[in-house]
Amino acid sequence: MPSPGPLDPRIDPTGHRIDDVDARLLLALSESPRATVLALAERMGMSRNTVQARLARLDQHRVLGGFERRIDTAALGYPLVAYVTVQVTQSRLDEVGAALGQVPEVLEVLGISGQSDLQVQVVARDADDLYRVAGELLAVDGVERTTTGLVMRRLVDYRVEPLLRRIAAGSG
């Protein structure tokens, strides 16, 4: 197998390479997020210190995101999910992003390529509330235009397991 080059997708921006052992560890952690280091070590047949060191390195290289549990927003009274694409005055992109982060119904803001600049995931209590939230986004200084698409059905949940399985199998 050739050594990974600078564009190898398994190398994070800090230069850390995700190997098959890391992938198996991440897969085990993904399948059992509350597992202790000792439980992960036993499951993987590795020493506790080795697992702890690998987890620390993955954390240091920001491979591991936050440990916030995914909470169903419908249980919080926000059953509607929508994606809003936003066109922004370019010189105000950072200000717009910061302002969107102040709106409680905004779950995520992504900078995207294409005709729009941002993709914003929002939640709402009902159609009238979604209209209000969309209006709040449009009222942010620097927002030129928005387009809202309502999520009708989630077909594939967020997942990384298939990628981890591929890397763990050595076919990276």
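**Confidence first**

I started with pLDDT: the chain averages 89, and 89% of its residues reach 70 or more. I'm keeping in mind that this is a predicted model.

Confidence is lowest in helix H6 (residues 161-168), with a mean of 90, and highest in strand S3 (residues 118-124), at 98.

Then I checked the start of the chain. Over residues 1-7, pLDDT stays under 50, and the model gives that stretch seven contacts beyond four places in sequence. Where pLDDT is low, the predicted coordinates should not be read in detail. I left that stretch there and went on to the helices.

**H1 against H2**

To describe two packed helices, I need the angle between their axes and the distance between the axes. Helix H1 covers residues 20-31 and helix H2 covers residues 37-44. I noted an angle of about 125 degrees between them, and their axes are 11 Å apart. Angles of 65 to 115 degrees count as roughly perpendicular and those over 145 as roughly antiparallel, so H1 is oblique to H2. I logged the crossing of H1 and H2 as right-handed.

Which residues make the contact? From H1, I listed Val21, Arg24, Leu25, Ala28, Leu29 and Glu31. From H2, I listed Leu40, Arg43 and Met44. Sorting the contact of H1 with H2 by class gave me six nonpolar and three charged residues, with no polar ones.

**H1 against H6**

H1 and H6 pack at about 145 degrees, with their axes 8 Å apart. The crossing of H1 and H6 is left-handed.

On the H1 side I wrote down Asp20, Ala23, Arg24, Leu26, Leu27, Ser30 and Glu31. H6 brings Glu161, Leu164, Arg165, Ile167 and Ala168. By class, I get six nonpolar, one polar and five charged residues for the contact of H1 with H6.

Looking back over my lists, I see Arg24 and Glu31 of H1 in the contact with H2, and I see Arg24 and Glu31 in the contact with H6 too.

**Asp19**

Last stop was Asp19, which lies in the segment before H1. What does its side chain reach at 2.7 Å? I found the backbone nitrogen of Asp22 there. The Asp19 side chain also makes a polar contact of 3.2 Å with the side chain of Arg54. Leaving out residues up to four places away in sequence, I have Asp19 touching Arg54 and Ile167. Ile167 was already in my notes as one of the H6 residues in contact with H1.

Definitions and conventions:
Residues numbered from 1 in each chain as written. Predicted model: local features only at pLDDT ≥ 70, side-chain atom pairs only at ≥ 80, totals over all residues. Heavy atoms only, no water. Axes fitted to C-alpha atoms, helices over the stretch in contact; angles between N-to-C directions. Helix = DSSP H or I, 4+ residues; strand = E, 2+ residues; numbered from the N terminus. Parallel < 35°, antiparallel > 145°, perpendicular 65-115°, else oblique. Left-handed = near helix turned anticlockwise from the far one by under 90°. Contact = heavy atoms within 4.5 Å. Nonpolar A, V, L, I, M, F, W, Y, C, P; charged D, E, K, R; others polar. Polar contact = N/O pair within 3.5 Å; in protein donor to acceptor, adjacent residues only side chain to side chain. pLDDT = per-residue confidence, 0-100.
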